[in-house]
Amino acid sequence: MTTSSLPTGWHEPTTAVASSSEPVGWRNAARLHPTVLVGALHPVPAGTAEHPVVPPEPATVPEPVSRETSVDGATAQGPEHAPSTSPLADELVDRARRRQALAGSSVGKPAQPRVLTISNQKGGVGKTTTTVNVAAALAQFGLRVLVIDIDPQGNASTALGIPHHAEVPSVYDVVVEDQELAGVLQECPDIPGLWCAPATIDLAGAELELVSLVARESRLKRAIEHYQEHPGAPGVFDFILIDCPPSLGLLTVNAFVAAREVFIPIQCEYYALEGLSQLLKNIELIRAHLNPELHVSTILLTMYDARTRLSAQVADEVRNHFTDQVLKSTIPRSVRISEAPSHGQTVLTYDPSSSGALSYAEAAKELAARSTTIAE
Ligand SMILES: Nc1ncnc2c1ncn2[C@@H]1O[C@H](COP(=O)(O)OP(=O)(O)OP(=O)(O)O)[C@@H](O)[C@H]1O
Ligand SMILES: [Mg+2]
């Protein structure tokens with residue numbers, strides 16, 4: 001495959017996983033030198049005196065770029081805000097540099113499989129978006145990853161392109177009906193190595209049904225442990241990410257009991273820290289009574305808008321409180337990230353060269369590189 005025939009992304013998923021033991025992701029990005037991208041913005045005129053070349057209209061600027069907010073604040077703005085150097089060119093050069101850095105990096109398997117619960121009682125802060133995109137990035141790095149969708153809304157299943165209508169075997173069958181986890185797994189159609197245990201609408205009733213069941217808080221934990229000890233066709237998972245609903249019912253308690261690590265996405269907005277102390281208290285309770293190993297290992301700042309001072313203030317405050325847990329990578333507010341689920345995709349396949357995709361890949365790399373002993 002030549003560079004010119006490449007899609008916008010970094011990898012060739014189907015051949016990559018099957019044919020090589022090296023980390024899968026981003027290997028093609030090394031071929032895209034920053035000057036290639038800058039060149040695309042400033043093409044060399046090739047006309048003659050009779051047929052002069054008409055300079056391209058601003059509308060030829062690739063659309064995704066103009067709709068992105070970058071992490072470092074290089075934002076596409078109107079001409080009245082444009083500084084003398086081109087922010088778009090800077091943005092593209094920056095993205096090319098980040099893609100090259102990702103291409104040149106590798107991610108090792110964790111010494112022990114890691115189980116993380118992605119949780120925040122606050123709704124709409126980016127739990128599902130973070131779960132599916134971090135999972136996709138880890139799988140593109142060559143790891144075997146499972147997303148367990150324990151939210152009756154089924155948003156993670158949708159975002160991964162996994163059918164989850166009422167007849168599909170789901171997490172409900174695992175936690176309520178005692179079925180094996182292996183029986184409900186589906187592979188993500190776009191990303192080899194990424195699997196999903198989907199949620200169906202049945203899960204909405206599970207909170208009530210669980211109340212009268214034996215070992216109601218640890219049913220998911222038992223299912224995961226049984227699978228990892230007797231793995232089905234996908235094999236042992238390196239990472240298991242559990243996407244929680246925005247509440248602390250028995251489903252979320254099951255997720256806390258099943259995991260060793262809590263991963264909290266925090267939206268960079270005014271109410272971000274409200275409810276966080278309640279979440280931490282709940283984690284402490286679970287730790288005291290049900291799962292002594294549970295700890296907050298990771299915090300990720302999401303929907304960061306570099307144009308607002310508020311985002312920076314919230315980010316500073318969170319970093320001051322949780323110095324060791326907060327990832328250096330920050331997820332920008334990005335139209336491409338919010339569009340991806342409507343195509344049944346993560347942003348990593350929907351627009352792999354976007355700032356959002358790169359940020360999630362960087363966050364996943366950081367997560368994989370971290371020791372799990374933080375805050376223990
Ligand atoms: N970085 C981002 N930029 C732009 N939009 C985003 C970003 N992250 C998430 N969103 C959008 O914000 C909305 C809420 O995100 P998401 O569903 O991931 O939150 P959640 O915490 O899982 O919500 P819930 O509590 O309902 O489960 C979605 O429409 C999503 O597409
Ligand atoms: Mg969600």
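Strands E7 and E8 (residues 326-332) of this predicted model run parallel and are joined by three bridges; strands count as paired if DSSP finds at least two bridges between them, and helices (H or I, at least four residues) and strands (E, at least two) are DSSP runs numbered from the N terminus. Within this pairing, Ile299 stands opposite Val326 in E8.

Eight of the ten residues of E7 are buried (20 or more other C-beta atoms within 10 Å of the residue's own, with C-beta atoms placed from the backbone).

Ligand 1 is surrounded by 19 residues (C-beta atom, placed from the backbone, within 6 Å of the molecule), the closest being Gly123, Lys127, Thr128, Thr129 and Pro246. Two or more residues of this shell come from each of helix H5 (127-140), E7 and helix H13 (335-339). H5 contributes the most, with three residues.

Residues are numbered from 1 along each chain as its sequence is written, while chains are lettered from A and ligands numbered from 1 in the order in which they are written. Local features of the model need pLDDT of at least 70, side-chain atom pairs count only at pLDDT 80 or more, and totals for chains, interfaces and linings use all residues.

Key: A residue is buried if 20 or more other C-beta atoms lie within 10 Å of its own, exposed if 12 or fewer, and partly exposed in between; C-beta atoms are placed from the backbone.
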